[in-house]
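Trainee: I would like to learn how to read a structure feature by feature. Could you take me through one, giving the general idea before the particular case?

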Amino acid sequence: MADPVVTLKHFFEEARSGRLTGIRCRRCGDLAMPPKEFCPACQERDWAPVALAGAGNITSFTVIRVAPRGRAAEVPYAVAVVRLDEGVSLLGRIVDISLESLRIGLPVRFRPLVTSEQAAIGFGPA
């Protein structure tokens, strides 16, 4: 039986359930996340889903102080690029970490941010 196709919809459904899923190219072994149609390393389209642990370190971040439309009550908040232990990077919102203590290299762990309509990627204390 073939592995299920990992689409962005599937990626966020898994995230909603607290699971972080990447995809590994069966041809060259490259790991990607979020899902892509073609492997950026070998241009093939032969992916297998891979469960990721969700632990990593902040490689860059920014603090949002001017809210996008509909998010005024949420500012200030931080968004960070996190390099996961498996070697891929992912953008997510920082939760439960004070803005003053954010720094490059800070260990964090995946936390799904779930509302009634959607799921988003978040990272909190490791």
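Trainee: What volume does the largest pocket have?

Mentor: Please keep in mind throughout that this is a predicted model. The volume of the largest pocket comes to about 390 Å³.

Trainee: Which residues lie nearest the centre of the largest pocket, and how many residues line it?

Mentor: The lining is made of 16 residues, and those nearest the centre are Arg-71, Arg-93, Leu-113, Ala-120 and Ile-121. By class, the lining residues divide into nine nonpolar, three polar and four charged.

Trainee: Which strands each supply at least two residues of that lining?

Mentor: They are strand E5 (77-84), strand E6 (89-94) and strand E8 (119-125). Of the elements that contribute, E6 gives the most to the lining, with four residues.

Trainee: Before we look at how those strands are arranged, how many helices and strands does the protein have?

Mentor: There are one helix and eight strands, and read from the N terminus the elements follow the order α-β-β-β-β-β-β-β-β. As for overall dimensions, the C-alpha atoms fill a box of roughly 45 × 30 × 20 Å along the principal axes.

Trainee: In which sense, parallel or antiparallel, does E8 pair with E6, and in which sense with E7?

Mentor: The general idea is that strands of a sheet pair through backbone hydrogen bonds, either parallel or antiparallel. In this model E6 and E8 pair in the parallel sense over two bridges, and within E8 it is Gly-122 that stands opposite Arg-93. Strand E7 (residues 107-114), on the other hand, pairs with E8 in the antiparallel sense over seven bridges, where Pro-112 has Ile-121 of E8 as its bridge partner. E7 and E8 also form a hairpin, with four residues between them.

Trainee: Why can E8 be described as largely enclosed by the rest of the structure?

Mentor: The description follows from burial, because five of the seven residues of E8 are buried. For the protein as a whole, 34% of its 126 residues count as buried. The segment after E8 contains Ala-126, which is exposed, with a relative accessible area of 70%. The C-alpha atoms of Ala-126 and Asn-57 are 9.0 Å apart in space, although these residues are 69 apart in sequence.

Trainee: How many residues does the largest nonpolar core have, and which of them have the most contacts inside it?

Mentor: As a general guide, nonpolar side chains in soluble globular proteins tend to be buried together. Here the largest nonpolar core has 22 residues, and Leu-20 and Phe-123 are those with the most contacts inside it. The elements that give two or more residues to this core are helix H1 (8-16), strand E3 (47-52), E5, E6, E7 and E8, and the largest share, four residues, comes from E5. Strand E5 also holds Val-82, a buried residue with a relative accessible area of 0%. The C-alpha atom of Val-82 is separated by 7.9 Å from that of Val-108, a residue 26 positions away along the chain.

Trainee: What order do the strands have in the open sheet of three strands?

Mentor: The order is E2-E1-E3, with antiparallel pairing, and the edge strands are strand E2 (31-32) and E3, each of which pairs on one side only. Six bridges join strand E1 (residues 20-25) to E3, and among the residues involved, Leu-20 has Leu-52 of E3 as its bridge partner.

Notes. Residues are numbered from 1 along each chain as its sequence is written. This is a predicted model: local features need pLDDT of at least 70, side-chain atom pairs count only at pLDDT 80 or more; totals for chains, interfaces and linings use all residues. Side-chain values use heavy atoms; hydrogens and water are left out. On a 1 Å grid over the protein atoms alone, a cavity is a set of points where a 1.4 Å probe fits but cannot get out, and a pocket is an open set with protein on both sides within 12 Å along at least five of seven lines; lining residues have an atom within 4 Å of a point. Grid points are joined across faces, edges and corners, and a volume is the space filled by probe spheres set on the points. Ala, Val, Leu, Ile, Met, Phe, Trp, Tyr, Cys and Pro count as nonpolar, Asp, Glu, Lys and Arg as charged, and the others, Gly among them, as polar. Buried means under 20% relative accessible area, exposed over 50%, partly exposed in between (1.4 Å probe, protein chains only). Two strands pair if DSSP finds at least two bridges between them. A nonpolar core is a set of buried Ala, Val, Leu, Ile, Met, Phe, Trp, Tyr and Cys residues joined through side-chain atoms within 4.5 Å.
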